[in-house]
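Student: Take me through this structure, and hold each term against its definition as we go.

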Amino acid sequence: MLAPIAHVLPLTTIRRERVLPVPGRVLVRQGQKVAPRDVIAEAATTAEHLLLDVPRALGISAKEAAALIQREVGDLVNEGDLIAGPVGITRRVLRSPASGKIVLIRRSKILLDVDSAPHQLRAGMVGVVADLVADRGAIIESVGALVQGVWGNGRLGFGLLQNRMETPSDKITPGELDVSLRGAIALAGYCDNPEVLHAASSIPVKGVIFTSMAASLVPLARQMPYAIVVLRGFGEQHLDTPSYKLLTSNHNREASINGVAFHRFYGTRPEVVIPLPASDDPPSPPESEEFAAGQRVRLTHWRALHSVGTIQHILPQLALLPNKLKAPAASVQLENGETVTVPLANLEILA
Amino acid sequence: MPSSLVSADSLLAIDVGTSTTRALLFDVVEGRYRFLAAGSAVTTANAPFKDISEGVRRALDQLAEISGRLLLRENGSIIIPSSPDGSGVDALAATISLGEPLKVIALGLLEDVSLESARRLAATTYATVVETLSLNDRRKQDARIDLILRTRPDLVIAAGGTEGGADRSIKELLETVGLACRLMPRDGRPQVLFAGNKAIHKDVRAMLGKAVQLHYAPNIRPALEMEDLNAAQIKLAKIYQQIFAEKVLGIHDLNTWAGGNLLPNATAFGRMIRFLSRLYDPAKGVLGVDTGASASTVIAGFSGRLFTGVYPEYGLGRGLPGILKVASPKRIARWLTIDLSPEDVRDYIYHKSAYPASIPATEEELALEQAILREVLRLSMKRLSANFPPGTAGLKPGLTPWFEPILVRGRSFTNAPSPGRALLALLDGLQPTGVTTVLLDQSELAAALGAAAAANPALVVQVLETNMQNLGAVISPVGKARPGTPILRLQATLEDGSEQKMEIKYGTIEVLSVPLGQTVTLRLQPLHRFDIGMGGPGRGGQLRVVGGTLGVIIDARGRPIILHHDPEQRRKLFGKWLWMLGG
């Protein structure tokens, strides 16, 4: 059976596609080195248009108006520029109410794309432009550590990784976030206190990595100006040992966190990337695998206390679970030595 | 070239769901159609594959292994028609229900007339109305254009203009759509389904021009007091398949294998319900219920007329947090059978949305999912019931009208720990009234049968008879009384002539033990003007029902069910009710 995969890797090659939602201008070239803050593409994504109804403005018919329009599609106009006219004894004219570009003229109605600052797409991580995506962006490649999570607030952040966890089961309090975190990415543990989010905002940090988070904080987390990545899920959970060791051992290193939505169709997942030097390019992590004995896996069900183990074997028949459900399952030996039966649907391979 | 379903012997049905792809084999055995075997695999629509073909192939490989029948050629194509050596099949039906729901902008003239009909049309498939445009909209035209550009819908459903009615306003609304679409890159433009005034079809084409892929359907609101979604629903199902074929590889091929008849799973399920509604008692409707990761679906059929509600916002997968917009964690927590807080409910909902394919592995998780399921059923039924016309049998404010039978599918039911748990979840969530029979689609065949129904009704009838699990006949009296008050007298005569008498008290669930498949004659006498759907409050009579897995169930807890305010007392009652149904 095909298995979902979560990447928790100390050193790997990471390739990420960074693209605009609409066509625009790509500003980098293949082979170019990029830093997280570098703009790699830009486009007018925030639509703001003005519709100029020429017949109504000039008090004439659409047919008459067509002959009086002084502009063409593609023309750039400034506020006050003549658009149509003059007409009538009073020499009525229509002037542009704003600066912009004429994008459409149809049935004597003119659509003006109002000037607005273009949306800038940033690299989001240290790396090299491996490939370009025409009119949309680029594929950026980096080498380093990778830790993937399950929820993000949609923002990017980069800075020094600062550990605030002493154990994988820590819960963060507002007092543990101090000014030394200014401009940093904080590794913070479980959060159920909105004051933690506010404290991080006031420092300000560039990002926070939570082990897990109370779901009641989701609306507030979405509003925070810094990036948030939640690694394990919602409700009080412990950080799995591989993620804990990997992140804490990289304290004081530059890290990028991407709070993109976990979207299986697009293959996007919130994650932490820590660029590291490597003599050779390590292989990229696998994107698909089958469940098999010997694999290291993470248990995904809610409040799984010990969440990492190794598959001993896949059970040949449906397993009867403690709650009397039946499911395809595997026998998994956890890190604490205990062996449990876990539905395959509740496992992801750590690869 | 796939052959027609008519006169075919063997049928292969493929369903590609959000998490699982299934392949089902039906064939003639000893002169009757039978469901023979199923294969399944993880759906591969998501990254890194983004191509359903791999999942389809794996499901077919498993089916081939189980059935011993070769189904694929070496080049990966399906063997159709079947060969004398027994390999292949004669026909193929296919359904899909995967991915994010379509983003739809609904456009209509008046909020509670054509716009409402456009919304209801969108709710017949896996779609979410993200924005609406109507005459009541105070936004200026350029603001509406920007809205469409920002929203980037997959589809615009436009309704409005009764036949022979005024058309200027609808044309103005459509002009906005045309202007916005001309600003979008061609591959990012929505498709447009116009289901309004037939007289302006040419004007609509002129306005939208070649800017969009435009579809027409018969007016869904031909007169102010008349709504007819059927033809538009069929068109919408086709558009759904087309849009997804552009997004996900392999769908086009699957559609080709199915002879161009690939259907959304909910549409196929709806066909099954329509089929059944023509077979069963026309005095009542037939209800179909399906709870899945992508959506919760309820479909009512009344003598061939369908009312369909596909609610992605009540799906039990990635979109599950959407339920919190209409049901608070505290409300959901009322149904918990163990001591957990509303905050636990909220945490679990978000956690589940991060791992939508996961299954409850502990008692805690199962209790949470079952509580959520009840609320999903309640919300889905409430929304669909709002569409039922006056005069629908048993329709009372806030209550589920009469249905016979109720067909249930979805892993939450088919994989429940016991038939009693499955039935109790349904009774708690849907709260049926009167007399009904609950059928469990244990092997999840209903959509496949629906996809084959029109062309091969014999297959449907014969497979239905042997593959739907009768959980039991359920009698649900409606009325008010104090707990413990007798509200129904029942006398049962079994086939062997033995008799049982029961006096049913308000607030209880009772079970009449009747062997599976055995017919029992019931004489029912409601007390205190309780209504069991036999002609009015207090009216009883005689009827024959068939015993199910759980016999015959009398759910005398009242409608609507009023739960005890004390959580501990509630949990005790839940335990008692479940115990009555076999645990």
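Predicted model: local features only at pLDDT ≥ 70, side-chain atom pairs only at ≥ 80, totals over all residues.

Tutor: Start with a pair of strands: β2(A) and β30(A) run parallel and are joined by two bridges. Residues are numbered from 1 along each chain as its sequence is written, with chains lettered from A and ligands numbered from 1 in the order in which they are written.

Student: What makes β2(A) and β30(A) a pair?

Tutor: Two strands pair if DSSP finds at least two bridges between them. β2(A) and β30(A) have two bridges. The strands themselves are DSSP runs of E, at least two residues long, and helices are runs of H or I, at least four, both numbered from the N terminus.

Student: How do you know that β24 and β30 of chain A pair?

Tutor: Three bridges link β24 (residues 296–299) to β30 (residues 347–350) in chain A, in the antiparallel sense. L299(A) faces L347(A) in β30(A). R298(A) is opposite E348(A) in β30(A).

Student: Why is the pairing in the six-stranded sheet of chain A called mixed?

Tutor: Strands of a sheet pair through backbone hydrogen bonds, either parallel or antiparallel. The open sheet has the order β2-β30-β24-β25-β28-β29 in chain A. Within it, β2(A) and β30(A) are parallel, while β24 and β30 of chain A are antiparallel. The sheet is mixed.

Student: What makes β2 and β29 of chain A edge strands?

Tutor: Each has a single partner strand, so one side of each is left without a neighbour in the sheet.

Student: Which strands stand at the edges of the four-stranded sheet in chain B?

Tutor: That open sheet runs β18-β17-β20-β21 with antiparallel pairing. β18 (499–505) and β21 (541–546) of chain B each have a single partner strand, so they stand at the edges. Neighbouring strands are turned by 25° against each other on average, direction ignored. Six bridges join β20 (residues 519–526) of chain B to β21(B). R523(B) sits opposite Q542(B) in β21(B).

Student: Why are α4(B) and α5(B) called roughly parallel?

Tutor: Angles under 35 degrees count as roughly parallel, over 145 as roughly antiparallel, 65 to 115 as roughly perpendicular and the rest as oblique. The axes of α4 (residues 168–183) and α5 (residues 201–208) of chain B cross at roughly 30° and come within 9 Å. Therefore α4(B) and α5(B) are roughly parallel. Axes are lines fitted to C-alpha atoms, for helices over the stretch in contact, with angles from 0 to 180 degrees between N-to-C directions.

Student: Which residues of α4(B) and α5(B) make the contact?

Tutor: K171(B), L174(B), E175(B), V177(B) and G178(B) come from α4(B), and D203(B), V204(B), M207(B) and L208(B) from α5(B). Contact is defined by C-beta atoms, placed from the backbone, that lie within 7 Å.

Student: How do you know that α8(B) is roughly perpendicular to α14(B)?

Tutor: The axes of α8 (residues 265–279) and α14 (residues 446–453) of chain B cross at roughly 75° and come within 7 Å. That makes α8(B) roughly perpendicular to α14(B). Their contact has nine nonpolar, three polar and one charged residue. Ala, Val, Leu, Ile, Met, Phe, Trp, Tyr, Cys and Pro count as nonpolar, Asp, Glu, Lys and Arg as charged, and the others, Gly among them, as polar.

Student: How many residues of chain A are in contact with chain B?

Tutor: 42 residues of chain A are in contact with 39 residues of chain B. On the chain A side, β7, β11, β20, β27 and β29 each supply at least two residues. That side holds 26 nonpolar, 10 polar and six charged residues.

Conventions:
Contact = placed C-beta atoms within 7 Å.
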